[in-house]
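Okay, everyone, thanks for coming.

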Amino acid sequence: MIPPTFDYLRPATIPEAIALLQQLGDDAKILSGGQSLIPMMKLRLARPAYLIDINRIAGLSYVKEEGGHLKIGGLTREAELESSPLIRSKYPIIHDTARVIADPQVRNMATVAGNLAHGDPANDHPATMLALGAKVVATGLSGVRVIPIGEFFVSLFTTALAQNEIVTEIQIPVPPARSGGAYFKLERKVGDFATAAVAAQITLDAGGVCQQAGIGLTNVGPTPIKATKAEDFLRGKKLDEATLRQAAQLASEAAQPSADLRGPAEYKKALVKELAFRALSRAVERAGK
Ligand SMILES: Cc1cc2nc3c(=O)[nH]c(=O)nc-3n(C[C@H](O)[C@H](O)[C@H](O)COP(=O)(O)OP(=O)(O)OC[C@H]3O[C@@H](n4cnc5c(N)ncnc54)[C@H](O)[C@@H]3O)c2cc1C
């Protein structure tokens, strides 16, 4: 339970952190909240020779609307999302997500950027960010690169981030009027990773017809999954119960779960179907308010 030895570096600026990443190469890892990296080091699943702690870099922690986007800074903690009046009132899907991650101690340290950068399909934010059509802002040697979330998750624990890039911001388009979203997760006990979870974000027109739908799935495949067939099916339709149930069926068909200690694959697919129906129903209810 004691991690292997490592050198600890604490840059004061983003350019300094990027220069260290460039200089030290694959032997170095960014340390944010440490809530995934340190447990992996203790289990000897990660053995970085250098930890580059970015926690003292100023100006990276914020939640604000600007230029048509919700902007979440690269060092924003889960606890900040939970307590943000803006998130509670306008982005309930993010509030749903943040509050079911781990426990308060973990949420006080863990960052949203780290939750995405870790590339773990069991993490909760990826599905929500897929449903919201987020963009990941990565800063590297050659400046800033904006990565659409649909291109961010490459394979298990692998993202589109280059070795010398740091996630400095997450951007979410401000949802139009009559939008709503929800995140539903089943966990074996409070604080556990999801057996399965579903994020759904819906925009309706004035007549109650679906204009836009986003659906993301947690922990039912090697990467977080965007249920595109279910999204396409919903667009242009009135969202009655039968339509939502059909979309939920399509979402469950997009899941690629494996059997593990949380249950057999068929059980997880059935779970996705029910959670998708519940998340979509709540999203429609919230969009109508
Ligand atoms: C007991 C426990 C229970 C948990 N339960 C859940 C859960 O239910 N749901 C859930 O989603 N998560 C859960 N987690 C995991 C944890 O919440 C997330 O993975 C965490 O948010 C990662 O963020 P961090 O800031 O702690 O990242 P770190 O642990 O510091 O880093 C994780 C990885 O991302 C990289 N990284 C971090 N920040 C950046 C950045 N800005 N730019 C580039 N790379 C970066 C690091 O180099 C490392 O590879 C749990 C963790 C614990 C300890």
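Start with Lys64, which makes a salt bridge to Glu66, with 3.7 Å between the closest N and O atoms. By salt bridge I mean a side-chain nitrogen of Lys or Arg within 4 Å of a carboxyl oxygen of Asp or Glu. Before I go on, this is a predicted model, where local features need pLDDT of at least 70 and side-chain atom pairs count only at pLDDT 80 or more, while totals for chains, interfaces and linings use all residues. Residues are numbered from 1 along each chain as its sequence is written, and side-chain values use heavy atoms, with hydrogens and water left out.

Next pair. Lys226 meets Glu231 in a salt bridge, 2.9 Å from N to O. Here Lys226 is partly exposed at 35%, whereas Glu231 is buried at 3%.

And then there's Lys268, which pairs with Asp260, the closest N and O atoms being 2.8 Å apart. Which of these two is buried? Lys268 is, with a relative accessible area of 2%; Asp260, at 36%, is partly exposed.

How many salt bridges does a search of the whole structure find? The number is 15. As a reminder, side chains of opposite charge can pair when their charged atoms come close. If you take the 33 positive and 29 negative charges of the chain, their mean positions sit 3 Å apart. For that count, Lys and Arg are positive, Asp and Glu are negative, and His and the chain ends are not counted; each charge is placed at NZ of Lys, CZ of Arg, CG of Asp or CD of Glu.

Now the overall build. The chain has eleven helices and 14 strands, using DSSP runs numbered from the N terminus (helices are H or I, at least four residues; strands are E, at least two). The radius of gyration is 19 Å, close to the 19 Å the globule rule gives for 289 residues, so the chain is as compact as a globular protein of that length. That radius is over C-alpha atoms, and the rule is 2.2 Å times the number of residues to the power 0.38. Along the principal axes, the C-alpha atoms fill a box of roughly 55 × 45 × 30 Å. Buried residues make up 53% of the 289.

Arg178 has a positive phi of about 60° although it isn't a glycine. You'll find Arg178 in the loop between β10 (166-173) and β11 (179-187), partly exposed at 42% relative accessibility. Asn219, also not a glycine, has a positive phi of about 60° too. Where does Asn219 lie? Look in the loop between β13 (210-218) and β14 (225-226). Asn219 is buried, with a relative accessible area of 16%.

Conventions: Buried means under 20% relative accessible area, exposed over 50%, partly exposed in between (1.4 Å probe, protein chains only).
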